[in-house]
Structure formats: C-alpha cells, structure tokens
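Hi,

Here is the structure I promised to pass along. Have a look, and then read on for what turned up in it.

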Amino acid sequence: MVSKDTLTVNIKYRFFVDKFCNWFQDGKPITHRGIYAYNYKHLKIDKNKNFYIQEGESKAFVKFDDKPFLVQSVEITQENIILTLNDFSAENLDLKTLYFLNNIPYCSVKNNEFEARFSRPALFLSLIHISEPTRRTPISYALFWLKKKR
C-alpha cells in the first residue's frame, strides 16, 4: 500500500529468511530442497532494494535478516577462491567485493547482484587454506586483506 501524503510503502512480507538463510513462508519453515532452490532461482531485487520472488505477474516479498546468500564453504585453488553458496551453486570470489562489517566478511555474488555473508565454517576454512605459504599472488592478497581487517 502506498500513501500519497508521506510516500511510504508498506510491504507485506510473505517470506522471512533468518541470518543462517533458513526460509520461512507465512511463519512456517521451508524444508523441501526443491522449494528452497526454486525461491533462489526466482529471487529478484527492485530499485528500492526490496527482495521478492517473481512467478508470472505475481510478486511475493522476502525479508532477509541479513544478506540473501550464505557462503557455506571455500575452496582455494592455485588460480581462484571458489565459494559454495547456500543455493547449491559455486562461483569465484571477486576479491574487490570482499568487505567486513562488525568483523564478519561479506562479498558480492551472482554477478554482483546480491551479497553473501560468510558462515563461520567457511571463514575458518578459508583462513586455514590461505595461510598456506605455497599460494600465489591473488591468495596472498586475500591473506593480506584478512590480516589487515583483524
């Protein structure tokens, strides 16, 4: 509902997602992997930074407790840092998008359309991997960046 006097928008959220990316629809947990994957496949964000799931002409708004994606694990190769996200996808970390907020690492994902928060296991795993002395320049840069923020 839009109020013409104050130009505020009241959004009715159909979905809520907690900081661990557990989804709830109308207060009930979503546990089916197919529905979970469907929601992420159809997740969009509008120009006002409102998240929604679109199916045809219908929009169901989503409220996220933190960021829409969670980095669940990290694999460091000679060339890349590969993130596994909670939607069962994997992609390379763009180090330019890595930042810290309250000592928690975040980065951009999905072609910089969304943000992801690193889970504790992913952060610890990445610290173990990037502290290995055999890594090349991009990994050294990541280690420098992480040490600088600590």
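The buried residues of helix 1 pack against strand 1, strand 2 (23-25), strand 4 (43-45), strand 5, strand 6 and strand 7. Bear in mind that this is a predicted model. The buried residues in question are Y36, N39 and Y40. They sit on the same side of helix 1, because they cover an arc of only 95° around the axis.

Now for the core. The largest nonpolar core has 30 residues, and W23, L43, V62, V71, L83 and C107 touch the most other members. Helix 1 (33-41) is one of the elements that give two or more residues to this core, and others include strand 1 (13-17), strand 5 (51-55), strand 6 (58-64) and strand 11 (104-109). Strand 7 gives the most, with five residues.

Setting aside neighbours within four places in sequence, V71 is in contact with L83, T84, L85, C107, A116, R117, F118, S119 and A122.

Six strands make up an open sheet with mixed pairing, in the order 9-8-7-12-11-10. Strand 9 (90-92) and strand 10 (99-101) are the edge strands, each pairing on one side only. On average, neighbouring strands of this sheet are turned by 40° against each other, direction ignored.

Cheers

Definitions and conventions:
Residues are numbered from 1 along each chain as its sequence is written. This is a predicted model: local features need pLDDT of at least 70, side-chain atom pairs count only at pLDDT 80 or more; totals for chains, interfaces and linings use all residues. Side-chain values use heavy atoms; hydrogens and water are left out. A nonpolar core is a set of buried Ala, Val, Leu, Ile, Met, Phe, Trp, Tyr and Cys residues joined through side-chain atoms within 4.5 Å. Buried means under 20% relative accessible area, exposed over 50%, partly exposed in between (1.4 Å probe, protein chains only). Helices (H or I, at least four residues) and strands (E, at least two) are DSSP runs, numbered from the N terminus. Contact means heavy atoms within 4.5 Å. The arc is that of the directions from the helix axis to the C-beta atoms. Two strands pair if DSSP finds at least two bridges between them. Axes are lines fitted to C-alpha atoms, for helices over the stretch in contact, and angles run from 0 to 180 degrees between N-to-C directions.
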